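Please keep the structure open beside it as you read.

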Amino acid sequence: MTATGRSPAQEWCRRAERLAVLCGAGLSVASGVPTFRGPAGLWRQYRPEELASPTAFARDPLLVWQWYAQRQQAIARCRPNAGHRALAQALAAGRRLAVLTQNVDGLQQRACAAAGVEADDQIEELHGCLWRLRCTACGARRMLSTALQIDTPEDLPRCASCGGLERPAVVWFGEGLDQRLFERAIAAARASTVFIIAGTSGVVEPAASLARLCAGHVIEINPEPTPLSAIAEVSIRGGCEQFLPELFG
Ligand code: BJW
Ligand code: ZN
């Protein structure tokens with residue numbers, strides 16, 4: 001604690017000229033969205049690594065689409081939590097904050113919309129969004145407003161312009177991140193004077209390495225240690241839903 005009654009990490013965040021937050025699945029746990037690598041990360045008998053790949057989609061698009069449709073249905077019932085809201089409120093207050101999210105659930109955007117923030121230029125969806133589709137044949141994109149229900153091959157989503165098979169517009173293993181978006185994320189990480197690693201296992205590259213680009217204070221929020229704990233000046237062993245509001249309070 002400092003003389004103000006705030007922790008050093010709270011003081012850094014309060015005074016930071018430029019903040020960046022790298023978000024992971026842990027941020028959405030309090031909303032009811034399972035993490036990837038925890039015990040609840042399994043779907044049927046598959047690990048996410050076996051489904052989130054271009055090879056898996058080419059081999060069995062029905063299986064992969066059923067996984068995404070089921071996740072869409074579950075996420076549609078979830079609400080943003082206090083962690084998402086703390087970031088949205090900081091953006092609404094005009095903080096220079098870059099939200100670099102690996103999450104594809106769209107909950108941060110919903111929190112921002114609820115706070116009246118149009119922050120498209122401050123939220124980078126590093127791994128895409130499972131509410132967006134992209135045609136595998138012509139590349140046309142569209143947004144979904146409701147979750148898909150996929151039982152048979154006839155239910156697979158098809159492109160309105162060319163009839164091609166659509167896929168979720170997310171980044172699978174072995175696929176590159178959108179280059180311009182990732183360059184903006186690199187610039188935000190380099191420019192940040194405080195960098196918060198919020199609810200990520202820090203094992204998926206290149207997103208994890210963004211945390212290494214900050215020359216200022218690095219703070220981690222995670223109930224468990226991760227490979228990124230070693231570069232964090234402070235590791236807060238707890239949930240984002242409690243500690244993001246505290247850091248931004
Ligand atoms: C809480 C909490 C609470 C719980 N509060 N916290 C360098 C070295 C080695 C390998 C590579 C490398 N560079 C690239 C690679 C290959 C690969 C990779 O990283 N592999 C490693 C896993 C070994 N990377 C790629 O393939 C990337 N592409 C790429 O690099 O392209 C260039 C290239 C091409 C070809 C060859 C080589 C290079 C793309 C990665 C795309 C990742 N996509 C996914 C799926 C997205 C779509 C979907 O959702 O279905 O993204 S995988 C999955 O992992 C998802 C997540 O965004 C990502 C990160 O997971 P995250 O968010 O950290 O979740 P968890 O579950 O792991 O952790 C949750 C954490 O929360 C835990 O720590 C809990 O303790 C904590 N927690 N409650 C706070 N309340
Ligand atoms: Zn098409």
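How are the donor residues of the zinc ion (ligand 2) spaced in sequence?

1. The spacing of those donor residues is C-x2-C-x20-C-x2-C. Please bear in mind throughout that this is a predicted model. Through their SG atoms, Cys135, Cys138, Cys159 and Cys162 coordinate the zinc ion (ligand 2) at 2.3 to 2.4 Å.

2. Now for the geometry of this site. For four tetrahedral donors, the ideal angle at a metal is 109.5 degrees. Around the zinc ion (ligand 2), the angles among the four donor atoms run from 98 to 118°. The site counts as tetrahedral because all angles lie between 85 and 135 degrees.

3. Six strands form an open sheet in the order S3-S2-S1-S7-S8-S9, and their pairing is parallel. At its edges are strand S3 (123-125) and strand S9 (234-236), each of which pairs on one side only. From one strand to the next, the twist averages 15°.

4. S1 covers residues 19-23, and five of its five residues are buried. In a regular strand, side chains alternate between the two faces of the sheet. In S1, one side carries Leu19, Val21 and Cys23 and the other carries Ala20 and Leu22, all of them buried, so both faces are covered.

5. What joins S1 to strand S2 (residues 97-101)? Five bridges do, and the two strands run parallel. Within this pair, alanine 20 is placed opposite alanine 98 of S2.

6. S1 is also joined to strand S7 (residues 194-198), again in parallel fashion and by five bridges. Here leucine 19 has valine 194 as its bridge partner, and cysteine 23 stands opposite alanine 198.

7. Finally, a pair of helices. The angle between the axes and the distance between them describe how two helices pack. Helix H5 (residues 82-92) packs with helix H8 (residues 240-248) at about 25°, and their axes are 7 Å apart. Because angles under 35 degrees count as roughly parallel, H5 and H8 are roughly parallel to each other. Their crossing is left-handed.

Notes: Residues numbered from 1 in each chain as written. Chains lettered and ligands numbered in written order. Predicted model: local features only at pLDDT ≥ 70, side-chain atom pairs only at ≥ 80, totals over all residues. Heavy atoms only, no water. Donors = N, O, S within 2.8 Å, 3.2 Å for Na, K, Ca; no water. Tetrahedral: all angles 85-135°; square planar, octahedral: opposite > 155°, others 65-115°. Buried < 20%, exposed > 50% of the residue type's maximum accessible area, 1.4 Å probe, protein only. Helix = DSSP H or I, 4+ residues; strand = E, 2+ residues; numbered from the N terminus. Pairing = 2+ DSSP bridges. Axes fitted to C-alpha atoms, helices over the stretch in contact; angles between N-to-C directions. Parallel < 35°, antiparallel > 145°, perpendicular 65-115°, else oblique. Left-handed = near helix turned anticlockwise from the far one by under 90°.
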